[in-house]
Amino acid sequence: MSYGHFSPDGFEYVIIDPRTPRPWVNYLTFGRYCALISHTGGGYSFFGSSGYNRLMRAHPSSMNIQDIPGRYIYVIDRDSEKFWSINWQPVQAPTDEWEARHGLGYTKISSLVNGIHGEITFFVPLEGDLEIWLCRLENRSYHKRSLAVFPYVEWCLGSYVFDLIETSFANLFKTVEVIDGAIVAGMRLWEVSHRPSKPHLVWPVYAFMGMSLPVESYDGLREKFLGRYGSYASPEAVRRGRCFNSLGKGQDVIAALQGGISLDPGQSHEFVVVVGAAESKEDIPGLIRQHADPSVCRRELEKVKRFWAEYTDRIWVKTPDPEFDLSVNIWNKYQSWVTYNWSRMASYYIGGGSTIGFRDSSQDLLGILPQEPDRAKRRIQEMFRHQFKDGGTLHNWDPVSDTGPRTGHSDDALWPVLAVIAYLKETGDFGFLSEKVPYYDGDEDTVLGHMVRSINYTLGRVSDRGIPILAAGDWNDGLDQAGMEGKGESTMTAEFLAWMLREMADLYDVIGKMEDALKYRAIFNELARRVNDNLWDGAWYVRGTTDRGNVFGSSQNKHGKIYLNAQSWAVLSELAPPDRALRCMESARELLETEYGLALFAPAYQDPDPELGIISMFVPGVKENAALFTHAAAWAIVAEAKLKRGDRPYNLLKKTSFITHGKDQDRYMAEPYVYAEYLHGPDSGWHGRGEFTWTTGSAAWMLVASLQWILGIRPEFKGLRIDPVIPPAWDGFHVRRPFRGAIYEIEVKNPSHVSHGVREVRVDGKIVPGNLIPAGPADSMAVNNPSADDTHTGDAPIDNAPLPGNCGRVHRVEVVMG
């Protein structure tokens with residue numbers, strides 16, 4: 001491993017060379033506060049909204065290559081006048097030792113330079129809108145050292161876009177002052193979008209930096225600290241060993257503090273830096289004093305580590321593949337939690353926006369649902385609160401202004417239906433269907449009423465052939481022109497609708513609404529007939545048609561002949577007959593699989609095609625133009641598992657895994673401990689390079705594919721299904737997971753070395769018929785709720801009695817495959 005490796009226990013990624021191919025990032029976050037930090041301290045922080053409540057400045061153009069600016073601690077030896085930074089960046093002084101450790105909720109950077117060992121542990125505590133830098137310097141030389149240290153950050157303050165695009169103008173509204181030794185910065189103009197005809201706002205918080213060392217000098221102005229024509233690598237204030245005590249208004253503001261430390265040989269000293277946001281300037285000195293004691297901060301850090309130890313332990317697997325376990329038990333789980341919390345709001349690639357994606361969040365909750373069902377439930381309620389009475393939805397929204405665009409993407413309305421179905425299968429909380437949630441444009445309805453309107457909205461937007469239209473796009477946003485006139489068709493949306501129709505029919509069976517179940521199955525059957533009659537291309541399903549009636553994703557096309565999602569979703573929805581299901585997935589394997597995974601489609605578009613849209617305008621092999629999308633690969637893994645295709649699902653997962661890609665770090669370049677949104681496709685000059693890591697729906701779906709479809713421990717409405725599809729070479733595996741108030745310890749044995757098939761299931765020593773562990777009957781699951789009538793409000797409650805015998809119990813499950 002050229003640049004790093006996992007720690008023996010797997011809970012840290014240890015980076016041993018600061019010159020990684022790209023900045024390798026961690027997310028430190030709880031509550032409203034989030035800090036993105038690279039392995040050298042680069043990155044930025046925000047709270048609540050990356051777009052509108054940004055504390056620190058960071059621009060994508062400099063972040064991805066130079067990884068500046070960031071959180072730095074400069075050190076100068078007052079006797080020799082040599083200076084460096086503990087981080088390595090931005091001075092990049094030669095080091096005798098250097099290491100960075102990304103852990104769950106913290107990052108620790110250490111170095112040995114000029115006989116001084118320095119370390120900084122960055123973390124966000126469980127409570128408070130702030131981050132802590134726990135610092136330690138040790139004199140490993142043979143003589144006394146007199147040092148000056150300079151913590152440094154650069155302020156953005158409020159609107160990220162305002163600061164990025166109009167930096168000089170934005171600076172005119174900034175203020176900086178010193179309060180009890182802390183740098184405090186404010187912003188007199190808060191540029192919040194979607195506020196027409198409303199008065200200007202003042203940013204309602206103050207950013208601050210303080211430290212536990214006595215402050216000998218400070219700077220609040222960037223020009224003074226760096227010096228005229230100065231640089232981060234050699235700031236004038238550091239070279240002179242003292243800041244200029246600069247303050248002012250209407251300038252480019254920073255926070256730099258300077259303190260002194262004297263160390264005898266072998267002596268060490270700890271100190272703390274606190275950076276954060278407060279609504280009142282008067283609160284800031286108290287916040288800093290509260291965290292000024294290093295021993296207090298160490299206890300706070302232990303709370304963070306304990307949180308993550310307990311969170312990851314709720315679901316734990318042990319298989320014959322340690323890399324599979326490492327992903328599922330720790331890093332895939334961690335990435336899914338981060339993505340759930342911040343959607344696509346914050347990134348090292350696109351700088352960070354302000355919005356929460358409707359489609360994105362509906363999927364992200366799948367990654368935290370088994371561990372935190374209550375949080376998933378609240379997210380579903382939030383999703384439906386952004387639905388209109390006609391069943392359509394916002395495409396995304398800004399949580400500060402609670403506004404966003406209604407784009408008309410054909411898939412948007414269906415995603416919360418999928419989320420509710422998943423929630424009900426996990427929890428058995430059928431009473432949720434009767435809870436009231438308001439619509440974005442007024443009035444309210446039950447959750448089930450919202451679901452029905454989602455289905456009806458999609459059913460009402462179909463072509464002359466009765467196939468759902470593409471409109472502004474579907475999951476593939478790159479198809480933004482193919483259906484803008486409302487005539488083009490989307491195979492994927494048709495398959496999605498079919499899937500949700502089938503799930504809704506099953507739900508109606510469970511809650512005793514048989515007429516509605518029959519009605520939805522009839523609609524499913526008719527939609528399946530239309531898709532199979534019109535969109536089957538002979539060996540695979542086409543991806544859709546344009547407004548002009550031209551087909552794409554077809555053997556007729558020179559480029560974009562076959563799309564992956566049209567095949568996998570035909571299987572997920574069960575819309576494809578068995579022979580076609582196998583044939584289309586085999587076509588995907590033959591035509592889309594590359595050395596590093598499955599392409600989104602092939603061949604890539606070589607020239608822009610206005611009829612299709614931006615999908616053809618990305619350069620070949622990048623993003624939606626035939627890259628290797630991890631998200632789509634996850635669906636393909638699920639489809640292969642549904643078809644029981646031997647060790648194919650597992651092998652595809654291994655090929656797609658970040659751990660596999662991370663073994664070739666100079667090729668992959670991205671962080672080797674999280675999934676990337678995509679890898680460059682074969683038409684790119686950088687085939688196999690990872691891009692857009694961390695906040696991607698790939699995280700949740702890969703966790704679902706691993707736990708529910710390869711290991712096959714899958715919640716259903718009536719219980720827990722045990723249905724593995726594993727490599728035949730495996731002797732078995734073990735899974736611990738919570739389910740409806742109980743803990744299930746599941747031991748699967750595979751004495752016959754089959755890839756699928758369950759011969760026997762025992763729960764607490766008793767044989768269970770088949771492979772479904774019943775959850776236990778609720779007192780009543782019948783409900784007087786809507787049929788497919790979008791005017792129904794569903795007033796009748798659903799009884800949600802607790803499941804008998806499942807509260808806090810541990811069930812021992814023995815499974816024999818064969």
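This is a predicted model: local features need pLDDT of at least 70, side-chain atom pairs count only at pLDDT 80 or more; totals for chains, interfaces and linings use all residues.

**Stop 1: D764 and R809.** Select these two and show their side chains: they meet in a salt bridge, with N to O at 3.5 Å. D764 sits in the loop between β40 (758-763) and β41 (766-768), while R809 is in the loop between β42 (772-774) and β43 (810-817), so this pair ties together parts that are 45 residues apart in sequence.

**Stop 2: K281 and E177.** Next, pick K281 and E177, whose side chains form a salt bridge at 3.0 Å, N to O. K281 belongs to the loop between β20 (268-278) and α6 (284-290) and E177 to strand β14 (residues 174-179), so the pair links parts that are 104 residues apart in sequence. K281 has 24% relative accessibility, which makes it partly exposed; E177, at 27%, is partly exposed as well.

**Stop 3: E154 and R222.** Now go to E154 and R222, where another salt bridge shows up at 3.2 Å, N to O. Here E154 comes from strand β13 (residues 145-158) and R222 from helix α4 (residues 222-226), distant parts of the chain, 68 residues apart.

**Stop 4: a network.** How many salt bridges does the structure hold? There are 65. For a linked set, select E586, R589, E593, E640, R645, R648 and K655, which are joined in a network of salt bridges.

**Stop 5: two helices.** Finish by coloring helix α13 (residues 491-510) and helix α15 (residues 564-572): their axes come within 9 Å and cross at roughly 15°. That makes α13 roughly parallel to α15, and the crossing is left-handed. To see the contact itself, show T491, M492, E495, F496, W499 and R502 on α13, then N565, A566, W569, A570 and L572 on α15. Color by residue class and you'll get seven nonpolar, two polar and two charged residues in this contact of α13 with α15.

Definitions and conventions
Residues are numbered from 1 along each chain as its sequence is written. Side-chain values use heavy atoms; hydrogens and water are left out. A salt bridge is a side-chain nitrogen of Lys or Arg within 4 Å of a carboxyl oxygen of Asp or Glu. Helices (H or I, at least four residues) and strands (E, at least two) are DSSP runs, numbered from the N terminus. Buried means under 20% relative accessible area, exposed over 50%, partly exposed in between (1.4 Å probe, protein chains only). Axes are lines fitted to C-alpha atoms, for helices over the stretch in contact, and angles run from 0 to 180 degrees between N-to-C directions. Angles under 35 degrees count as roughly parallel, over 145 as roughly antiparallel, 65 to 115 as roughly perpendicular and the rest as oblique. A crossing is left-handed if the near helix is turned anticlockwise from the far one by less than a right angle, and right-handed if clockwise. Contact means heavy atoms within 4.5 Å. Ala, Val, Leu, Ile, Met, Phe, Trp, Tyr, Cys and Pro count as nonpolar, Asp, Glu, Lys and Arg as charged, and the others, Gly among them, as polar.
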